[in-house]
Amino acid sequence: MSASSNMNWDRRNVLRAAMGLAAAGGLAACGSNTGRSGGGSGDTLVQYFHAYGEAGVEQAVKRYAKAYKDANVTTQWITGSNFEQKLFAALLTKNAPDVFEFHPQIQLIKSGQVADLTDIIEPVKDDFNQADIKSHTVDGKIYGVRMIDDPQFFFYRPSMFEKAGVEVPKTLEELIEAAAKLKTSKVKGAYLGNDLTPVQHNLIWSAGADTLTADNKPAFNTDAVADGLKQLRGLFTSGDLLLGAPADWWDPSAFTQGLTAMQWCGMWAMPVMQKALGDDIGIFPFPKVGSAGKESVYNGGWSMFVNAKGKNVEAAKEYVKWLWIDQKKHQEDFATSYGFHIPPRTSLAQSATKLKSGLPAEGVKLFNEFGHFDNIGWTQAMIAAINDVMANSVRKNGDPKAQLAAAEKKVNTELKKLFG
Amino acid sequence: MSTTTTRGVAKNPAPAKVSKDRPRRGLRANSTFNFWLFTGPFLIGLVIFVFVPIGWSVWLSFFEARFTVTPSQFVGFENYAAILQDEDFRNSLVTFTVFAAFIVPATWALSLGLALLVNRLRFMRAFARSVFFLPTAVSYVAASLIWKMSIFNGVRFGLANTVLSWFGVENIAWLSSPDPPWYWLVIVTVRLWLQSGFYMILFIAALQNIPRELYEAASLDGAKPGWQTFRHITLPQLRATSTAVILLLLVAAYQAFDEFFNLLPKATWGQPPLVELYKMALGENQNYGAGSAGAVVLTLLICAVTLLQGKIMGFGRGEESK
């Protein structure tokens, strides 16, 4: 009996200790280490980055942050393909990042989520690519600092083209024919990403239409775009297209592994491709769709924003100014040492020797000649509406006109919310 | 286990008397305190992580809550009207029904089959049990990535395509095209692999509970071992477990999210309710009001289906039906 009662005492003590620990743990969680200081000094910042695929970028971003003396900057490296969803959700919480990278989209400004950065950009405004300034400006205020411009176009294998007797396609018809000729039992003709959405905006631009008009009305619902969708549907069902590749379009693997003769990708992938394939790489813009169209390149990219609702807005602005305005050495390192990106700062773009010759120089040329920059009025909800068009009328056999009309309705709803 | 119980029962009266004269703080003395001691931590977790969010969700569903979870504009049943008219949400219920029609019977049959097989093993039974149970420990996200990237990818060196190519079949892009809907094969097989082992264990436990005498009696009455005893003894004896398994499977199917989210990004088909609600509440629009209304509708549906199923199959009447 005594033994057993001892046992009970032991159990009780153990239980008490466990409860105490649990309570302490709970309290500690309430105090919570969210990666920011409790306030006051405001010298702890959190930054969000999407996961760049190129080796060394994460380390570089953390290295820059460490070199900053006025605040302790921690980096959240967000993996997965739904960066925007994670970012948007985080911005509503107390654990929101102080600074984050994203694309210029007006709903962030209308909902007061991003801070006005005009005062830090204004002194060097003229040194920026003016298209990048324009795409970040609303009512004369500039809301984000462009870090890199990322032109997206087709990569192709000249050796395969030669063997199949194919010329670089100038129209979508020619692209579809080329894909058919290039396809062998081992190699598919073309790769436009597993869900084809990467080319959705180029299809619109190359058909002579646009996402929005200058006064923010939908401009994508045209017959030429519908015809383009029909043609893409043909390509999708032809069996000439690479689909379901383990690595999606932003990764050069499908191209470097010889799974496809053409791939839609971005300039960032050039170093890896060159290492794998040497000189056997060419690039061309998204071809013309219909007779009235014009070839197009998507000048994507990433920008730094400051969370206007964060606790350390001023400190965050200081950090963004330090890194993305003042530290040209870091900016050049970021743009050219890992993947290739075009620096939005004219002075840097001119001095970046790696982009001066060969394939990267051709990329810069396409960027300047055919490039379409982001439109700040074109938001994630509208992009999602066009994603649905691609899913329903290219991957599924939906009527393109009806799908475009449905998307136009959704876009109009969004526009009404944003502009009244 | 049984000895502890007897000892406890036998000695109970004595300490109870003692405690009147000499009150003891302790585990035995105050049963109310003990009740809260043991259920308290669990209850706190339940309240914080389950009841508060459910309540909050119901509250949100009556408000215009875009880009905020502390809204101020009361809209009554507007969100409910919107969600019930939303074609995507209604389609997601169809998707769920199709999914459940595949996965519930398939898992039930497979796990029962595995249980019967493993239960008959004369050697290495524990090993076989572990082998089939292990996938339960794998995360849905990890498993769907394996299914998507190595087994069912669309390129020539994907496992499924390699096997098909031996028979001269062209590469299939399993997840890219909704027509033919190969994606169901991927989604159903990944879930089968992940969950069959767990239900197999439940069935094994139930099988071992069937009294041997029943089979002996049946054999004396001339029942042939095999289908006849399975049909007339094993299956009826498993009724309670089967009911529970089907119920759990249905609820799990309703909660399906991970594999659909990871296997079918940017698709407009094959979107079950939770993915649809996730897009609504956490997508571009962050419409927490409509999302919450959808969640409440879904909860009510699950309750209704569960009650109905209980009524039809007699959940909880399992003991008497033995």
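This is a predicted model: local features need pLDDT of at least 70, side-chain atom pairs count only at pLDDT 80 or more; totals for chains, interfaces and linings use all residues.
Author: Take strand E6 of chain A, residues 145-156: the strand is mostly covered, with 12 of its 12 residues buried.

Reader: Which helix of chain B is hardly covered?

Author: Helix H10 of chain B, residues 212-220. The count of buried residues among its 9 residues is 0. A buried residue needs 20 or more other C-beta atoms within 10 Å, so none of the 9 gets there. After H10(B) comes Gly222(B), with a positive phi near 100°.

Reader: Back to E6(A). Why is E6(A) said to pair with strand E10 of chain A?

Author: Pairing takes at least two bridges found by DSSP. E6(A) and E10(A), residues 297-306, have 7 bridges, so they pair. The sense is antiparallel. One of the bridges puts Val145(A) with Met304(A).

Reader: How many bridges join E6(A) to strand E8 of chain A?

Author: There are 5, and the two strands run antiparallel. E8(A) covers residues 260-266. At least two bridges are needed, so this is a pair as well. Phe153(A) has Cys265(A) as its bridge partner in E8(A).

Reader: What makes strand E9 of chain A a partner of E6(A)?

Author: E9(A) spans residues 282-284 and is joined to E6(A) by 3 bridges. The cut-off is at least two, so E9(A) qualifies. These strands run antiparallel. Phe154(A) stands opposite Phe284(A).

Reader: How many residues of chain B are in contact with chain A?

Author: 29 residues of chain B are in contact with 29 residues of chain A. Contact requires C-beta atoms within 7 Å, so each of these residues has a partner across the interface at that distance. The chain B side divides into 14 nonpolar, 10 polar and 5 charged residues.

Reader: Where does UniProt place the "ABC transmembrane type-1" domain in chain B?

Author: The unreviewed entry lists residues 93-309. In the model that stretch is 73% helix and 0% strand. Its end C-alpha atoms are 18 Å apart.

Reader: What share of chain A counts as buried?

Author: 48% of its 420 residues. Chain A has 18 helices and 11 strands. Its C-alpha atoms fill a box of roughly 90 × 65 × 50 Å along the principal axes.

Key. Residues are numbered from 1 along each chain as its sequence is written. Chains are lettered from A and ligands numbered from 1 in the order in which they are written. Two residues are in contact if their C-beta atoms, placed from the backbone, lie within 7 Å. Ala, Val, Leu, Ile, Met, Phe, Trp, Tyr, Cys and Pro count as nonpolar, Asp, Glu, Lys and Arg as charged, and the others, Gly among them, as polar. Helices (H or I, at least four residues) and strands (E, at least two) are DSSP runs, numbered from the N terminus. UniProt positions are given in the numbering used here, feature names are shortened, and annotations may be inferred rather than shown by experiment.
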